[in-house]
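Here is a short report on a structure. Please look over the sequence and the model before reading on.

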There are 4 protein chains.
Amino acid sequence: MTDGSTLFELGPNHYGKSRIRLVTVRRHPDRHDLRDLTVDVALEGDFTAAHVDGDNANLVATDTMKNTVYAFARDRLTGPGEAFGLELARHFAAEPQVDRALVTLREHAWARIPLPDGPASDAFTRTGEFSRVAMVAATRAGASVEAGIEDLTVMKTTKSAFKGFERDRYTTLAETDDRLMATKVTALWGYGETAAEAGFDFDAAFERARSTLLAVLAEHVSPSVQASIWIMATAMLEAEPSIDWVRMVLPNLHHWTVDLAPFGLDNPGVVYVATTEPHGLIDATVRRTG
Amino acid sequence: MTDGSTLFELGPNHYGKSRIRLVTVRRHPDRHDLRDLTVDVALEGDFTAAHVDGDNANLVATDTMKNTVYAFARDRLTGPGEAFGLELARHFAAEPQVDRALVTLREHAWARIPLPDGPASDAFTRTGEFSRVAMVAATRAGASVEAGIEDLTVMKTTKSAFKGFERDRYTTLAETDDRLMATKVTALWGYGETAAEAGFDFDAAFERARSTLLAVLAEHVSPSVQASIWIMATAMLEAEPSIDWVRMVLPNLHHWTVDLAPFGLDNPGVVYVATTEPHGLIDATVRRTG
Amino acid sequence: MTDGSTLFELGPNHYGKSRIRLVTVRRHPDRHDLRDLTVDVALEGDFTAAHVDGDNANLVATDTMKNTVYAFARDRLTGPGEAFGLELARHFAAEPQVDRALVTLREHAWARIPLPDGPASDAFTRTGEFSRVAMVAATRAGASVEAGIEDLTVMKTTKSAFKGFERDRYTTLAETDDRLMATKVTALWGYGETAAEAGFDFDAAFERARSTLLAVLAEHVSPSVQASIWIMATAMLEAEPSIDWVRMVLPNLHHWTVDLAPFGLDNPGVVYVATTEPHGLIDATVRRTG
Amino acid sequence: MTDGSTLFELGPNHYGKSRIRLVTVRRHPDRHDLRDLTVDVALEGDFTAAHVDGDNANLVATDTMKNTVYAFARDRLTGPGEAFGLELARHFAAEPQVDRALVTLREHAWARIPLPDGPASDAFTRTGEFSRVAMVAATRAGASVEAGIEDLTVMKTTKSAFKGFERDRYTTLAETDDRLMATKVTALWGYGETAAEAGFDFDAAFERARSTLLAVLAEHVSPSVQASIWIMATAMLEAEPSIDWVRMVLPNLHHWTVDLAPFGLDNPGVVYVATTEPHGLIDATVRRTG
């Protein structure tokens, strides 16, 4: 490989363990608390010898990463996922050969089963409404935290238009004042530097961001998916000062009005066919100016 | 094909259209109501000529089935899915060559987005907790209705044991007094003959069956998944007299306690690894005696 | 549960372990042989006590089933999957409380990587063309074997028509002399009683059935998917006397001709949009007469 | 939105149409040629007004993108996917408000069904071995082309070791001289600037890259997945001068040796359990030096 290593060089690289499935149960006298996460760990750093020379001395085995996640979960997964991610990322970033440790956590929501005399103490249903995401990156110098929502499927049955768009020889789409807008929201946001400090309330910040997103989604009038992102993201930035930017990735899951005229029926916005492909895909970041 | 048709014969057969994706919006002055269903239609009957002779005269095109679902949805999908399925199934069963028409409806739940002054009138999130299923079969003589729940993921963090099972030379599983029990519930039940009559309240019956299932799931002590089915199903039969039988199909989604001893930690039922394969699969029907 | 057991009774039931993922490597001096299967085991029998009384004494743990599959694979998975399935099914059916043991094997195909001087001896690619299925059922009295193909995706670009079908008020589909026919084939067939005897060549029978299916699929003229099933299945029954019946389940994966007229272009069967939902679904069994 | 637009600004953004499903049939006298692609289109450029002001005048509708793909496919999808992607990307990049047009094509492989007298002229099976990917980016100034392979699942049954890795207090993995190595290859590579010129033979370059990847994968001795990437990628760069860099993303799909000792059996590399989660994930780029 000597020749190879002069003609070729290692470019960007990282490695880690993905889809570490982690469930914890905290058994209090009056109730159990359930957490359910999928964790990914990835490391960037000086791994040239492993690639070029087959020398694994600098490699933390991905099996070790998995073990570390489970061991840390024993006593340290007691607050927000972001805080747990920070502990993990800082642990891995302490290795001298590691430049940057990335920990991604997807937390899946469970709700207590409702019983006649209140929520169950030890039985749960997976709600499936969305996953809460946290992405933590640590270097020896510091850490940054992003958070967000994945797989939140939403629909507006009015207050969504699409008109005045460019028309060329391949355009057949009619303009519309009133369409269904359906999407599966991915929203990510970045916290400012102070958020990585001890004591920041990631749960409260998440909750303000989430509830603002949903309320604005419900109430705004949408001239396009692009404008919807701007309207929702600016509202989130206004509502939550700890957030520096918001990125939204919104598929446009088209619902087509069914032509019922052949059957002697009108269809004034009643019957739709839901589709998944093809779909529009709108991806935009909104940030504080300057 | 003359020779073929004496040596060979057509056995059981059916055909239809699957995964008809249907969304309806009913636009009331004060609110919109949203329904979201996936519909399958299948026909059994005299289709020998289509198979053996290539003569399609008796075939209702599956495209026609799809059109019929959308056309019927215009004005008739206003009550329970079961009632809509009965209208569709009876329509198809009226064709002389059809012996039995089967309509399966999976209704996907959406919830109004909560706003400061109440639920949104025209914006929704897909809840994803479960799909409500209805299976309707109609012949010229009558109709039968089954209903149920699919994809309800649940977990009990205690009150689940598994011991006293058979041990042979291939058995290594330890007995346990206390394990996690996690499953994705499929529950189906059959209504008695009178339920297909006009006016039966399928929504109320579904709600009683669903809430009983969940409450008993949460509260019962489980000696095995098999026993859990019996306990839940008998409770549902007790709670809802209109149901003749309950079938449950429960994967046992194993959660293994992680061995943290190599890291100097105990693990008293705190940290688990969630798995999806392999899984146990328990399928049983409980019915009224006689 | 005393009252319950007089008002209610256990109906049809079975249980087992699903998705046991099994890979074997046989290390010969000149080459390695790779097998990759997903195995499901299910038992029917006298499990009333487990359901009704919470008494697990009759239960073979599904974990034991998994262990048994791996242990048996050590030395006995050397011939056709059907033979391995027979050994497993007979083992489980020997338990006195078991009436019927069902073993389903899905074998995933791998091909040796081609090298300049021939196929690799120890490196493989997953071909993904289809999975070979075997379903074995054993009782104390005997055994039966079914086999088949799953997930074989095929397309005919001509020799497929659909016309002369019934037209009603909901029919808008045009008749066509020439359409694309695309489907994902599930084909299952049942071997006669003698096939379960030692020495039957399941591999050769499978190969004759598979190659006949593909050749007839390619060459026949299809007036409908229904007729295609009849034509392919009768050819398979003619080609392989050990088979008593063939069942085919064929989704009709519609490919719609794109209307290019708005762009000043014709489209004489050139450009299609592939769809997956909704789809037709045709399910029919063809068997020897009498 | 006046206030908002001074406090907040639009950051990186793009939009387009994803999962455009395209099938073409070229009907020659002696045979049909079948192509099957999934196409994504995305545009970057001056879309601030659409986001901030709800002014869609600069927006090319994603529906128009879909139409354009189908219209272009009529006569221009006759050579490599890369060439088709270049035509599409240059078309969209010609819009004044577009800075960069990205077209991604995934081409799904179909093989002619083998018949006694040669391959079928008009009947095909989807091979499913891998998808061929092309990613084309065009600006008004020029274009760049990347190509690659997705979803190529491979296994080496020997010549794979993993030892000498770092051990810390969370390490339990044993060193091994001989393990199974299984992965689902994603390999992407970038062509140099001249490749976007007319006449470059993308098919031949792809074939050299693909066959080199597979041959080296089969024959090399792997000290780690990281080293395997280096060895395969440098061989590809040596074999195909038109390629500037190769990026590989390889999950490590662990296959664990089953402990058969409880059943009185040894397991000298014969019986494995295949797993999908968690998995290692190794991502590295190798490029020409300088």
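## Basis of the model

This is a predicted model: local features need pLDDT of at least 70, side-chain atom pairs count only at pLDDT 80 or more, and totals for chains, interfaces and linings use all residues. Residues are numbered from 1 along each chain as its sequence is written, while chains are lettered from A and ligands numbered from 1 in the order in which they are written.

## Contacts between chains C and A

Five residues of chain C are in contact with five residues of chain A. Contact means that C-beta atoms, placed from the backbone, lie within 7 Å. The side of chain C that touches chain A has three nonpolar, one polar and one charged residues. Here Ala, Val, Leu, Ile, Met, Phe, Trp, Tyr, Cys and Pro count as nonpolar, Asp, Glu, Lys and Arg as charged, and the others, Gly among them, as polar.

## A helix pair in chain D

Helices and strands are DSSP runs, numbered from the N terminus (helices: H or I, at least four residues; strands: E, at least two). In chain D, helix H5 (residues 202-219) packs on helix H6 (residues 225-239) at about 140°. Their axes are 9 Å apart. Axes are lines fitted to C-alpha atoms, for helices over the stretch in contact, and angles run from 0 to 180 degrees between N-to-C directions.

H5(D) contributes residues including Leu213(D) and Val216(D). Among those from H6(D) are Ile231(D) and Met232(D). The contact divides into nine nonpolar, one polar and one charged residues.

## A helix pair in chain C

Helix H3 (residues 62-76) and helix H4 (residues 81-93) of chain C cross at roughly 135°, their axes coming within 11 Å. Phe72(C) of H3(C) and Phe84(C) of H4(C) are among the contact residues. This contact has four nonpolar, two polar and two charged residues.

## Lys163 of chain A

Lys163(A) lies in the loop between strand S5 (143-156) and strand S6 (181-191) of chain A. Lys163(A) touches Glu175(A), Thr176(A), Asp177(A) and Asn56(D), not counting residues up to four places away in sequence. The C-alpha atoms of Lys163(A) and Thr6(A) are separated by 57 Å.

Key
Contact = placed C-beta atoms within 7 Å.
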